[in-house]
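This report describes one protein model for a reader who is new to looking at structures. Please keep the sequence and the three-dimensional view at hand while reading.

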Amino acid sequence: MKQFVIYTRVSTRRQGDSGLGLDAQHRDIQLYLSTYAEVPFEVLGEFQDIESGANSDRPELAKAIELAEKTSATLLVAKLDRLSRKVSFISTLMDRKKLNLTVASMPHADKFQLHIYAALAEQEREFISLRTKAALAPLKGTGKLGGNRGNIDKANEAARAMADTHAQKVIDTVLPLKEAGRTLQQIADTLNKTGVTTARGGKWYPTTVKNVLSRM
């Protein structure tokens, strides 16, 4: 019988108390179990940390890994970034030969593919951070955001260019979903589930999807 150990993570105590973010993780995990898992299966345990993605100190993750390795069960997470946003941390997990790992949102990905995805996601976050800093650079030295109209115009122009570039990047995913009759919320959910971020590195919402479509 296939056995699983489930791990979830939220970034703040407030999210943990409210369940914010957990519902989506549990939804994706249950979707994987009902669609891709061999039947019958057994869930040996569920563990949850309330820690930042940049923090490698995860006591509940350590317990989950220990149980998974001890029982040869599969550690199941909703998305790769629930383990960590650091590729070095992901790489360390991949090197654990006794650890079987499955990401619900990428059900067919093996360890090598997950490692590559983590590296690409980290590169994208770094680039978005640099691009945002470049867009805001003209405002430095003005003393306040409204201190220099010319600099603000340049910053706005840079921000628009950044948004246009990102829109071109994701439109091949967004348009087919829109043409298939998906709602803006459904499109946003799909982008979030697949790990695609907005131009500023955040989550997708119906309004951000609408903004992308309006740029086409």
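## A buried arginine, a pocket and a surface patch

In this predicted model, Arg82 sits in the loop that runs between β3 (74–77) and α4 (87–94). Its relative accessibility is 10%, and because buried means under 20% relative accessible area, Arg82 counts as buried. Although Arg82 and Val103 are 21 residues apart in sequence, their C-alpha atoms are 9.5 Å apart in space.

Arg82 also belongs to the lining of the largest pocket, a pocket that holds about 980 Å³ of space. This pocket is lined by 40 residues, and those closest to its centre are Lys79, Asp81, Arg82, Asn192 and Lys203. Two or more lining residues come from each of the elements β1 (2–10), α2 (22–35), α5 (111–136) and α7 (184–193), and α5 gives the largest share, with 5 residues. Sorted by class, the lining is made up as the table shows.

| Class of lining residue | Number in the largest pocket |
|---|---|
| Nonpolar | 15 residues |
| Polar | 13 residues |

Together with Phe112 and Leu120, Ile116 makes a nonpolar surface patch of about 330 Å².

Notes
Residues numbered from 1 in each chain as written. Predicted model: local features only at pLDDT ≥ 70, side-chain atom pairs only at ≥ 80, totals over all residues. Heavy atoms only, no water. 1 Å grid on protein atoms, 1.4 Å probe; cavity = no way out; pocket = protein on both sides within 12 Å on 5 of 7 lines; lining within 4 Å. Points joined across faces, edges and corners; volume = space filled by probe spheres on them. Helix = DSSP H or I, 4+ residues; strand = E, 2+ residues; numbered from the N terminus. Nonpolar A, V, L, I, M, F, W, Y, C, P; charged D, E, K, R; others polar. Patch = residues over 30% accessible without salt bridge, like charges linked within 9 Å, V, L, I, M, F, W, Y side chains within 5 Å. Areas by Shrake-Rupley, 256 points an atom, 1.4 Å probe, with all protein chains shown as cover. Salt bridge = Lys/Arg side-chain N within 4 Å of Asp/Glu carboxyl O. Buried < 20%, exposed > 50% of the residue type's maximum accessible area, 1.4 Å probe, protein only.
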